[in-house]
Amino acid sequence: MLEARSVTFLADAMLGNIARKLRIFGFDTLYMAQAHDDEILRTGIKQDRVILTADKELFKRIVKVGARGVLVSAGASELEDLVHILTENGITSIGMNGVGSRCSVCNGHLEKRTSDQVKNDDGCNNNNNNDDDDDVIVPDKVIACHKQFFQCIACGKIYWEGGHLKRIRALVRNLDAKLVGRDCTTTSTIPSYGDSSASKG
Ligand SMILES: [Zn+2]
């Protein structure tokens, strides 16, 4: 079992991408795309989650009721948003420990699978509520090239160590460097997400 992250989040409708990234980093992150502000507030307080919103009115209410929250400045870069969120919560390093422990789609936990377990020929019916069947089909060539797989125990989505995870690691390194050097305000050459050594398989 990978080490659990201590801070948990609740992202509102505007922050889907941020929610996905936080999940990939291993943070327990609820994403409430359809909820009203009242419900978001209630859930955040009840579950002791840090509410992330770009909505100033909602943030005012968060402050007023003494809930935990971060006002995310929509319009800044995603990297800056993440640095801001993490800094506000006293997180000075993400590290690789929890990376890849959660499903970016549904926040479920990932469990290790072998290539035999993710082969497509046994009609494994884990894809009940998946709107995209491709998520649970692993191409044969991927199975041939990879030994280690991960599967979401909630939605069945299968992940493997590929270019995607390389980019995530690059992003984590980038973030950690920025978290450490928080005083340094120069952000001259931040590669956009996915700019690591782009090698397509
Ligand atoms: Zn999932």
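The model is predicted: local features require pLDDT of at least 70, side-chain atom pairs count only at pLDDT 80 or more, and totals for chains, interfaces and linings use all residues. Residues are numbered from 1 along each chain as its sequence is written, and side-chain values use heavy atoms, with hydrogens and water left out.

The chain holds seven helices and seven strands. Both are DSSP runs numbered from the N terminus (helices: H or I, at least four residues; strands: E, at least two). Their order along the sequence is β-α-β-α-β-α-β-α-β-α-α-β-β-α.

Of the 201 residues in the chain, 41% are buried (under 20% relative accessible area, 1.4 Å probe, protein chains only). The accessible surface of the chain is about 11600 Å² (Shrake-Rupley method, 1.4 Å probe). Carbon and sulfur atoms contribute 49% of that surface. Among contacts (heavy atoms within 4.5 Å) with a separation of 6 or more, 58% join residues 24 or more positions apart.

Two strands count as paired if DSSP finds at least two bridges between them. Strand 6 (residues 148-152) pairs with strand 7 in the antiparallel sense over three bridges. F149 has W160 in strand 7 as its bridge partner.

Note on methods
Buried < 20%, exposed > 50% of the residue type's maximum accessible area, 1.4 Å probe, protein only.
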